[in-house]
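Please keep the sequence and the structure in view while reading.

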Amino acid sequence: MTEKRRGGLLREHDFRHLWTADLASQLGTRLSMMALPLLAVITLDASTFQAAALSAAETAASLLLGLFAGALVDRMRCRPVLIVADLARFALLGSIPVAALFGVLGLPQLYVVAFAAGVGTVFFDTAHTTYLPRLIGREHLVEGNSRLASNTSVAAVAGSVGGGYLVQLFTAPVAIAVDAVSYLWSALWLATIRTGEPRPARPARPRLLGEIGEGIRFVRRQPILAAIAGNTATVLFFQAANQAIMMVFLVREVHLTPGVIGLLGTVGLLGALASSALTGRIARRLGSARALWVSTVLNGVGFLLYPLTGPGLGLAWYVLAGGLTAFTIITRHVMAVTARQQLCPDRLLGRVNATMELMTYGMMPLGALAGGVLGTLLGLRTTLLVAGLAILAASLFLVLSPVRRLRDLPAAERFDVPAAAPSAGVGTGPNEVGGERVTE
């Protein structure tokens, strides 16, 4: 699928099916992001810290298992991993409405399901980012990542309003049931992809810890990836703190109903739709490197607007903050993921993806817990302000890095990592790290 396309990637059968599966999965994930905390806060009367702990449980698997997932994905075909992860999440999320139907649902089950579904998400996300270059070729990564980012935008809008109204009209367990079905739908679309995927070469003497270390060393020695990792780890730590208390803030301080919360989220997240449509154009006009650091700075500005939210006209600050943060998150994400896929050799991509996920999404459970503690000690509005200031300050990782001096993100041969000894049993070559130059 690497030849020049007329009409874009959506004209290609296999990418179209991957894109459709991703859309279904993203919609379900957004529904549960809305429904799970509302279920905990409204139905089960969770405290601020309990709600934050639920957010932490959803992302804890990234911190605990992310590196192992990357090493394992590099040894396997990606598509079966994607399908199994979807089916597992279908079964796990489906258990919540069943328990609610029989009147036995409680917070302990929510914690267990959130964590176990998070394990599936870790494997899915690592395999998904690794699979895309294998399916479409690296020369089409900006388009491919932009198309997939549009799913995030559509899901953010539809999931926000849909989740809010589903909870208000039919209760949170019904919204979570819809989420579960979306994962089944995603698995069915993935199963229809036609292109065969070769089994990756395995090292002669597999050493899991050594393979994990190789991915970590690559990220640490690659100056652009190291700057992206530092920035994203800080941003997602404090973004998780923001998200962990946001529902409590909107329900208990601003006194909004689930339907209004969903509607406000939809209006704000229209910025993400605009970003998905414009990211390619922004990258061509500004340059992909400039688009990366500028969007990061503006993202921090957007998060600083959330604490200004209040009743009545004060809701305009929430809408403005949501629109700006959603727009910049999508632009930044497309540029950051494309940089990762361009700069990393094929055989290390799963491990590098997992390392970046650990240094980024692995921070989210810690950030969520920090948000719960700070929200309890300092108050909700003050915690949102602290999070916004930290996210803005995190842009210095990129502003003070080589990214600031570039117009476009480079291919691997322009930013080699220092030579490193190969792992035992793993050969070196023109596409590998081991004293040789990293090339595309």
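Helices are DSSP runs of type H or I with at least four residues, numbered from the N terminus. The model discussed here is predicted. The structure contains four salt bridges, and three of them are described below.

**A pair within one helix**
- Asp-86 and Arg-89 form a salt bridge through their side chains, with an N to O distance of 2.9 Å.
- Asp-86 and Arg-89 are both in helix H3 (residues 78–101), and because they are three residues apart there, about one helical turn separates them.
- Asp-86 and Arg-89 are both buried.

- A salt bridge connects Asp-45 with Arg-252, whose closest N and O atoms are 4.0 Å apart.
- This pair links distant parts of the chain, 207 residues apart: Asp-45 is in the loop between helix H1 (13–43) and helix H2 (48–73), while Arg-252 belongs to helix H8 (residues 223–252).
- Asp-45 has a relative accessible area of 58% and is exposed, whereas Arg-252, with 35%, is partly exposed.

- Glu-253 is partly exposed, at 34% relative accessibility, and Arg-381 is partly exposed, at 33%.

Key: Residues numbered from 1 in each chain as written. Predicted model: local features only at pLDDT ≥ 70, side-chain atom pairs only at ≥ 80, totals over all residues. Heavy atoms only, no water. Helix = DSSP H or I, 4+ residues; strand = E, 2+ residues; numbered from the N terminus. Buried < 20%, exposed > 50% of the residue type's maximum accessible area, 1.4 Å probe, protein only.
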